[in-house]
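Reader: Hello! Could you take one part of this model and walk me through it closely, at the level of chain and residue? I would be glad of one connected account.

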Amino acid sequence: MPYDAAVLSNATALKIVIVGHVDHGKSTLVGRLLHETDSLPDGKTQSLREVCERRGMPFEWAFVVDALQAERDQGITIDIAHIPFRSRLRPYVIIDAPGHKEFLKNMITGAASADAAVLVIDAIEGVQEQSRRHGYLLHLLGLRQLAVVVNKMDAVDFSEQRFDEVSGEIRAYLAGIGVTPTQIIPVSARHGDNVVGRSGQMAWYVGPTVIEALDGFAPSIEPTELPLRFPVQDVFKFDHRRIIAGRVESGRLKVGDRLLFSPSGKTARVASIESWNSAVPAVSAAAGQSIGVTLDEQIFIERGQLASLVEAAPIEAELFRARLFWLGRAPLQSGRRYKLKLATAEHIVTVEKVERVIDVADLASVATDWVERNAVAEVVLRARSKVALDTFIDNPRTGRFVLVDNYDIVGGGVISMEGLPDRRCAPAQAAADLTSVAHKVTMGDRWKSNRHRGGILWLTGLSGSGKSTVAMEVERRLFQKGYQVFVLDGDNVRQGLNSDLGFGPEDRAENIRRVGEVAHLFAQAGMIVITAFISPYRADRDRARAIAPELFHEIFVDASVEECQRRDPKGLYAKARQGTIAEFTGLTAPYEPPLTPQLAIDTAALSVEEAVEEVLRYIERDVQRTEPVAAPPVRPDVAL
Amino acid sequence: MSTSDLDALESQSIFILREAFNRIDKVAMLWSIGKDSNVLLWLARKAFFGHVPFPVVHVDTSYKIPEMIEFRDRFAKEWKLPLIIGGNQEALADGMHPAKGRVTCCTALKTEPLKQIIREHGFTGVIVGIRRDEEGTRAKERVFSPRNETAEWDFKDQPPEFWDQFKTDFAPGTHLRIHPLLHWGELDVWRYIERENIPMVDLYFAKNGRRYRSLGCAPCTGTVASNATTVAEIIEELRTTRVSERSGRAQDKESEDAFERLRSQGYM
């Protein structure tokens, strides 16, 4: 096919996903499209014909697509293929997605990146389970342009009546999920009818051919007109600059804009947009661009925060609704915990409720509290801390997320806030009205005067593992040696500072947050502070560490649940077993052990004395290791 | 601000490189000295504002075309790259050569030393400049593609990958291959080279009517007929060519599934 090189040379390829039930002829359609648009490398068809001859099997156009041997053997496309070709109008990339149900995760992988979709339906079999499921998922993935191909018309004698039946059936289903197909085209992919050239067999059809339908799709555009969403991907300090790096997901930003970082509530102005090997410094950026900015104030920023303009902030919520598709081998269950990834943020979420599982065949609801693999459901999720998000309708880029279980992505969902409060992040007062005041006594001065370094020894472990026992004895021994040392103990702090907090996940997180801040103040005052808290969640401990990583030493007081139950010094395990304590770490609530603690002490194997000796050895050898004493900088964003 | 399709490709690659650097503890980049990995290196310097914050690994088979090694040494120095050079001296001492079978040779001199470097340095992520449009099995790849303990690729059970959420959690002992150029085409690569003025090995430019279109080891890499002596002429040529990019690479053709076997065992 001749084409205009000048038009094509700089046009962006439109990505088309081809979906449909297994064996309805998706790969055949693609092979035929490539052949008829003259897009195959010389010799490709010939070499495949030879392979077929050698193997004694008839040549199929689908083989062009199925480059993997495994696929030729099984005759099914098990993974997506990306195949470029050109029409007269523009370049395309065809994403050929597998139709087999067990490869749904591959189909989603392919479809999610497409600009438009073609749903292939077999004229003999009509609309099948995967035709419906794929149609439903395309909609859920956010794809709004869909053409339907009724294939194998040659096998139904190019019957207009059969075509009308099948197109009526699919049109009705799609209408039920709010989708109107752009075209429904009768095709015989094997023989090339209505693929590129018009069919001589179906004079009754006057609509476009497949290639004409493709050329009618509009390219996706970046959402530059939506409010600014700039998720922090990383903070770079390779040189004198502190660069906040990330991709603008929607909207625009420019130098001088005041950014609000959710959910921390901190604000700062864009001082510059950084770049490398560019003659003129950029002063603005828009959706789709990977950029780096510097800020006019040194506020504490980390990956996962979502920058917006102050006047158009995202929603902040711990509780939200989602419609999701589930890919996990184990079913999604109400009450279970998963890791949620939304833009660059990660949160631990619990499935509060499975509201309904949707039967994609007839769109009926099924009431269960679990979701099987490859099913679609509406659920309510609860995060342990505030999540910055948008509803999918308002902003698809920040209104969608994936769930991770163990090492695997097990589902994807789109957010709605139906029936839930719409709270937005307000700029934190601390950031707006407080400025840090520099001490005239530095931490280094204090260390010199104390003749030891300060720091936080963060003891974590199950109830009954020996944290308090070890902490109090280490305190006594260090004090005798002349150290400035103090223990923050869980039960003691809860009687005062944290007497307003309970034991639910949020309160536990807040308990640890406050202890982290107090410990940090002690450490800044030059002291060694020992904290003895169960602190079961890794994320909470990481947050405490993040305040001043160089002062933080995580010590894992390790003893098995069985051993701790045997000891049960406070009688808590007994109460928990009787059900008088609802969420008890180790029994009915999780404990996440440290992955890389600075020190682990096994209190089942060691005596109290031996455990204390190990901690003392660690302090004297590692905490006090380097001379002369040089203090790390005081955290810049803390008002003192 | 208007953005071209090259800007979009560049932004996506930078996003991927930054994800790899942030999410993976010990990451390295493979540098084959070919056009794609030169572009990748350039993109890394853009992503990290002039820095390359991870080691750059070159697997030297000893059969590389001499110009490639000269190019490597010159730019490693000029761009101050943290370069690691790997190779399988033992196999070479035993006389490993393509004559012993091309797939056998590629496995011994490329795949094995790569696995060894990954083991030795404890890399949990390796950034590789492969592209979907190069070859059928590469077309199936994920951007973040897991490899098991023995560096094998399970192409039959790949993780889902959508909405730019990549597989960044993986079991100890396994590692990830990261493919920031997966969505680029050969023509895009050359147009980007032209726009950014990225230095390239001379072997890509025609001499006496022939040029290299893809670079590898001297015994297994052939030239194609071409009169393109500049980047602009290469771009013109690619707009009309019907010859596949890896047509000069002999190891792909040893048998019908040679390249697939190489890749599933851990080849890049």
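Author: Let's take chain B and start with its charges: the mean positions of its 38 positive and 40 negative charges are 1 Å apart. Please keep in mind that this is a predicted model. The accessible surface of chain B comes to about 9,700 Å², and carbon and sulfur atoms account for 49% of that area.

Now for the overall form of the chain. Along the principal axes, its C-alpha atoms fill a box of roughly 55 × 50 × 40 Å. Of the 268 residues, 65% are buried. Chain B is built with eight helices and eight strands. Taking the contacts between residues at least 6 apart in sequence, 74% join residues at least 24 apart.

I16(B) sits in helix α1, which runs over residues 5–23. Its relative accessible area is 1%, so I16(B) is buried, the cut-off being under 20%. Leaving aside residues up to four places away in sequence, I16(B) touches V143(B), F144(B), F166(B), I178(B), P180(B) and H183(B). T230(B), by contrast, is 214 residues from I16(B) in sequence, and their C-alpha atoms are 30 Å apart in space.

The second residue is H179(B), found in the loop between β6 (175–178) and α6 (186–196). With 1% relative accessibility, H179(B) counts as buried. The residues that H179(B) touches, again not counting those up to four places away in sequence, include V128(B), I130(B), E141(B) and R142(B). V143(B) is also in contact with H179(B), and V143(B) is one of the residues touched by I16(B).

For a look beyond this chain, here is chain A. Its domain assignment gives domain 1 (5–215), domain 2 (230–309), domain 3 (315–416) and domain 4 (443–623). The centres of domain 1 of chain A and domain 4 of chain A, taken over C-alpha atoms, are separated by 60 Å.

I415(A) belongs to strand β24, residues 408–416, and is buried at a relative accessible area of 3%. Among the residues it touches are F320(A), L342(A), F392(A) and F401(A). D394(A) is 21 residues from I415(A) in sequence and 9.8 Å away in space, C-alpha to C-alpha.

Some backbone details in chain A are worth checking on your screen. N406(A) lies in the loop between β23 (400–405) and β24; its phi is positive, near 55°, although it is not a glycine. N406(A) is exposed, with 65% relative accessible area. N374(A), in the loop between β21 (370–371) and β22 (376–389), has a positive phi of about 70° and is likewise not a glycine. At 8% relative accessibility, however, N374(A) counts as buried. Finally, the peptide bond from S262(A) to P263(A) is cis, with omega near 0°, and P263(A) is in the loop between β11 (258–262) and β12 (266–273).

Terms used
Residues are numbered from 1 along each chain as its sequence is written. Chains are lettered from A and ligands numbered from 1 in the order in which they are written. This is a predicted model: local features need pLDDT of at least 70, side-chain atom pairs count only at pLDDT 80 or more; totals for chains, interfaces and linings use all residues. Side-chain values use heavy atoms; hydrogens and water are left out. Helices (H or I, at least four residues) and strands (E, at least two) are DSSP runs, numbered from the N terminus. Buried means under 20% relative accessible area, exposed over 50%, partly exposed in between (1.4 Å probe, protein chains only). Contact means heavy atoms within 4.5 Å. Accessible areas come from the Shrake-Rupley method with a 1.4 Å probe; for residues, only the protein chains shown count as cover. Lys and Arg count as positive and Asp and Glu as negative; His and the chain ends are not counted. The place of a charge is taken as NZ of Lys, CZ of Arg, CG of Asp or CD of Glu. Domain bounds come from an automatic or database domain assignment.
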